[in-house]
Amino acid sequence: MYSRHAQRITPGNKMASRKEGTGSTATSSSSTTGAAGKGKGKGGSGDSAVKQVQIDGLVVLKIIKHYQEEGQGTEVVQGVLLGLVVEDRLEITNCFPFPQHTEDDADFDEVQYQMEMMRSLRHVNIDHLHVGWYQSTYYGSFVTRALLDSQFSYQHAIEESVVLIYDPIKTAQGSLSLKAYRLTPKLMEVCKEKDFPEALKKANITFEYMFEEVPIVIKNSHLINVLMWELEKKSAVADKHELLSLASSNHLGKNLQLLMDRVDEMSQDIVKYNTYMRNTSKQQQQKHQYQQRRQQENMQRQSRGEPPLPEEDLSKLFKPPQPPARMDSLLIAGQINTYCQNIKEFTAQNLGKLFMAQALQEYNN
Amino acid sequence: MSRFFTTGSDSESESSLSGEELVTKPVGGNYGKQPLLLSEDEEDTKRVVRSAKDKRFEELTNLIRTIRNAMKIRDVTKCLEEFELLGKAYGKAKSIVDKEGVPRFYIRILADLEDYLNELWEDKEGKKKMNKNNAKALSTLRQKIRKYNRDFELEAHLLNWECMTELSGGGVGWTDGWRASMIVLSLPSVQNPEQSADEDAEKNEEDSEGSSDEDEDEDGVSAATFLKKKSEAPSGESRKFLKKMDDEDEDSEDSEDDEDWDTGSTSSDSDSEEEEGKQTALASRFLKKAPTTDEDKKAAEKKREDKAKKKHDRKSKRLDEEEEDNEGGEWERVRGGVPLVKEKPKMFAKGTEITHAVVIKKLNEILQARGKKGTDRAAQIELLQLLVQIAAENNLGEGVIVKIKFNIIASLYDYNPNLATYMKPEMWGKCLDCINELMDILFANPNIFVGENILEESENLHNADQPLRVRGCILTLVERMDEEFTKIMQNTDPHSQEYVEHLKDEAQVCAIIERVQRYLEEKGTTEEVCRIYLLRILHTYYKFDYKAHQRQLTPPEGSSKSEQDQAENEGEDSAVLMERLCKYIYAKDRTDRIRTCAILCHIYHHALHSRWYQARDLMLMSHLQDNIQHADPPVQILYNRTMVQLGICAFRQGLTKDAHNALLDIQSSGRAKELLGQGLLLRSLQERNQEQEKVERRRQVPFHLHINLELLECVYLVSAMLLEIPYMAAHESDARRRMISKQFHHQLRVGERQPLLGPPESMREHVVAASKAMKMGDWKTCHSFIINEKMNGKVWDLFPEADKVRTMLVRKIQEESLRTYLFTYSSVYDSISMETLSDMFELDLPTVHSIISKMIINEELMASLDQPTQTVVMHRTEPTAQQNLALQLAEKLGSLVENNERVFDHKQGTYGATSEVNQKDGYRKTRATCAAVATASSHLKQPT
């Protein structure tokens, strides 16, 4: 992961937000306003601007290709999605990748690059409206602060924007894994307030309500469909049955390992929270004692006819301990959730496969 | 002066002196190359009205003087500078030179300089010692002067020839002549302090004496004959004689010199005549003895100091004079020789009866000066030594001599003002000799009682009826000597020949300690005996007893042994010796420190000689491990050394685990060097100040006691490897496995981080490579990495029984590789034949059987042995990787839930209900995950 800062200067956006993981910020002002206008017009009161995402086959292939070429291991690749909103459907018709950064071209201008790119695309008459971004993931570990931040700034500027998460490992196992996510309006509210602990408490939000998944439809032109049929006939049988592979241990092990790490973090967070709780209650007690003492003293003074002691600022005397960051644990919980989903999905599939294999074996015998 | 020359014994001693000198005269020849033209120059500066010639020549002479001074102190760089200036000055004076001819002194300096440089050039030793600048200047100057002199050659020849003809004594070359004169001229530095009141007169005297002496040499008249003449002749005659000589001198000398000599001769007074005999004697003595004028200067300085110090005391003044006489030559050589005969009477007033009281009084006088500022320590030692001689000559009895000797040794120790500096070798030699002599006396006279508790008042130094009692502690002296020895060793470069030389003294030190030990065994208190025993122990414990070792290897074969062998084998086994000494200390010692040290040394000695069990038991029984942190740093260092030796010993015995445990503390700190007192860490240099550093430096163990750090590290790493690799293999997937050795893991990681893995170079790389091989169960590769040429040279050959250690090591590697193999690959096998294993690891069947049985019993290996077929049948009950992970996860989740519940408890009532829901939800979720994982893993178990 790499981080970069970018100033976002778009109308309707009051703050400059620090963004991590993506730099797709500059959109031509005309397109933004247009898109936003459309979104508002179609989506109504902002409950959910987009109900469905329709992706062109071309975009999927481009994303896959991008990862094949540049991503490896835990490294992720990112890019910009282009398209437009039609009614409550977001059509993603094209995309382009962010170039991979190396140390020596640190002065590379992201914004400039995107502008250039979109302008060039417009020249060849391709949709050039910025509607979101995509990112690859390593065993489904994408619920991070960076993703949250950048998706927030996207959604803040372009309401209908989505993030596409592409899981190359699952895809390699035979089933394409591409998911579109958006931040829930609740979370958007929270993020806007910027005061996470308080806002989160108020919003009463849990990890389940952080992201909403938008259903995806992959749409190909008829010509492509025809070609696909052609190809299917020609391809060897083995190619099609990666899905049936019984080798599951590696993937599962990896997932478990990651899950364990997250659980460890969670434990730490809880321990942190525990100490925080202890500290606050201790302080409360002290505060209470202090007040009582004060009161007693004042009573005595009163009886002696002396003026009461002046009131002191208690908050100065007792500084409340720093509460632990809630957002982080929330994200971890979300991540754990994702892992669990993954594992569940995976094991369910595998079990099915195993039963199939068993049945097959019995049949053969 | 006159006072002292009127004493009767004077002339005799003088003549005997000069008589001796005659024989040794030629030796002094080389000295003449460093003359001192002091008198002329000083005379010159007084002049006010000068001609151009004078001015130029003065310039030249001044430069020449500087050159000569530089030559004296061997400052070649200075010489070079001055020589260049001289060349320029000569150029300026060219017009005068043309008129007057080349001045003789100029040629003289050129010739001198060339001689001097050649001498320096030849002196390879000296050249090596010279610093770089000087060496460079030397070669430059040498070349320059050669070139310069070539130009001058013609003139020089001419002059040379002239001189030859001019000189009266044809047999003696002119150069020799003037050289002699130079020598005499250097006399002022040996002035008599009494005379120095009248500086001018003195100078004149010297001049005259110088000239006379010169003449004497030129004429080939020996000092002895001259002396005789003088004693016969009345004063008037001698004066005439002097005059005559001066005249001769004027003839022979150059014009510019004439004036000087003139004034010198005319102003010489009667004093000089009386003195001249002595002076000439001195002069000739110079020829013989003084090696460098520097020495004289020093001596002169010393004298001046002495004078200031002792002016008040007439007696001591005399002593002083005599001292000067003594030091006029090089004092060291003079000590035992003739001067003593002469000086004896001067130590005390003439005719004074030398009694105990007088000597003791003198001794106290000398001692009072001790420690005072401005006291010359060297002179003091000298005085004390003289006093001993006097006492011995006058048969004052051993008591006095012992007393003085004590004081001499004490002054020798005092010689160095601060603790950090160490004794000079000659001082050290003297000190050893002195102690030896003292011991001789003490052994020869059993009736002398020595002790520090004897008060000054109750001393009995001379009453022969009662036993002699002397204050002083021989033990303290020896302990101090030992300290000094350590200091010398610490301050010597351990890789130099010098160190070896110093180390040779160790035998002497040991011998002295042994003698003192014998002495104290008879006379000392138990406490003293304990102390000297400890000293003995400290000089014994670290030495490997090769003889005893040899004896062990070859058990006595009756009478077949040759005589020589027996002679060699005589002497106590160091083990027996240590046992005896230590037991005594254990029983008798009342100070904790000595006992602690003794125990540690004993353990060390045991460990060094591979008596592991004795060493270990002693270590455990002493309970030193519990309270060593309260000991002082040197003892702690000793403790560390002992532990390390113990570890190495355990390793040699094949007890890897014990070895590892013993070495763990030292090695894990990463400061082994510092902990063993074998060097300071650079890292902490800035943390400590100067003072601390000095203290630490003093704690360092001398090099010959060092334990090889590489050996130590290797032993540690190899034992760690033998322990850790099987352990790692056994607990591959155990999340909670702990590292046995952090350092070993660190090395492994370093090895892994290497981008390109070449063949191992260093010891560490070898061990890492071997570990990797062992991890795969490949014992042969492992073996070849651990034991090969390189490692033999670096490590294994350092052991006394290298081959035994190597055999042990091979066997260990085989065994541990077998274990590792079984741990790693047991999941692949259903069953495996033990015979195959025994073939694979080249171990015999029973060993394999026992190893596997042990593993099964310890529940490390889930298998059973099938006796009839000699196979190991695996049970395959070990969880798979996923199952392991799932178990770990379940565990983690358990703890998470626990934590969560604690939070929940906390919250009840105190916090808002909103977060309660939140937490509860989370809690439910984790439970659900737990269940999911559990089902997943249980399902996964079924299929294969």
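**Close-up 1. B:Thr656 in helix α34 of chain B.** In this predicted model, B:Thr656 belongs to helix α34 of chain B, which covers residues 656–669. How much of B:Thr656 is accessible, and is this residue buried or exposed? Its relative accessible area is 8%, so B:Thr656 counts as buried, the cut-off for that being under 20%. Setting aside residues up to four places away in sequence, B:Thr656 touches B:Ser719, B:Leu722, B:Leu723 and B:Lys812.

**Close-up 2. B:Phe651 and the largest nonpolar core.** This core has 152 residues. Which of them touch the most other members? They are B:Ile404, B:Ile474, B:Met481, B:Phe651, B:Met721, B:Ile786 and B:Trp796. Helix α37 of chain B (residues 709–730) supplies the largest share of the core, with 13 residues. Now zoom in on B:Phe651. Leaving out neighbours within four places in sequence, B:Phe651 is in contact with B:Ala659, B:Val715, B:Val718, B:Ser719, B:Trp796, B:Phe799, B:Val805, B:Met808 and B:Leu809. Another core, of 49 residues, lies apart from the largest one; A:Val143, A:Val163, A:Ile165 and A:Tyr276 are among its members.

**Close-up 3. Helices α4 and α7 of chain B, packed together.** Two packed helices are described by the angle between their axes and the distance between the axes. For α4(B) (residues 52–72) and α7(B) (residues 104–122), the angle is about 20° and the axes are 10 Å apart. Angles under 35 degrees count as roughly parallel, and α4(B) and α7(B) are therefore roughly parallel to each other. Their crossing is left-handed. Who meets whom here? From α4(B) come B:Phe57, B:Leu60, B:Thr61, B:Ile64, B:Ile67, B:Arg68, B:Ala70 and B:Met71; from α7(B) come B:Phe105, B:Tyr106, B:Arg108, B:Ile109, B:Asp112, B:Leu113 and B:Tyr116. Sorted by class, the contact has 11 nonpolar, one polar and three charged residues.

**Close-up 4. B:Ser610, a loop residue with positive phi.** Look for B:Ser610 in the loop of chain B between α30 (592–608) and α31 (612–622). Phi of B:Ser610 is near 60°, a positive value in a residue other than glycine.

**Close-up 5. B:Glu859, in a loop that runs from helix to strand.** B:Glu859 sits between α44 (845–857) and β4 (863–866) of chain B, in the loop. Phi here is again positive in a residue other than glycine: for B:Glu859 the value is near 60°. Is B:Glu859 buried or exposed? B:Glu859 has 61% relative accessibility, so this residue counts as exposed, for which the cut-off is over 50%.

Key. Residues numbered from 1 in each chain as written. Chains lettered and ligands numbered in written order. Predicted model: local features only at pLDDT ≥ 70, side-chain atom pairs only at ≥ 80, totals over all residues. Heavy atoms only, no water. Axes fitted to C-alpha atoms, helices over the stretch in contact; angles between N-to-C directions. Helix = DSSP H or I, 4+ residues; strand = E, 2+ residues; numbered from the N terminus. Parallel < 35°, antiparallel > 145°, perpendicular 65-115°, else oblique. Left-handed = near helix turned anticlockwise from the far one by under 90°. Contact = heavy atoms within 4.5 Å. Nonpolar A, V, L, I, M, F, W, Y, C, P; charged D, E, K, R; others polar. Core = buried A, V, L, I, M, F, W, Y, C linked by side-chain atoms within 4.5 Å. Buried < 20%, exposed > 50% of the residue type's maximum accessible area, 1.4 Å probe, protein only.
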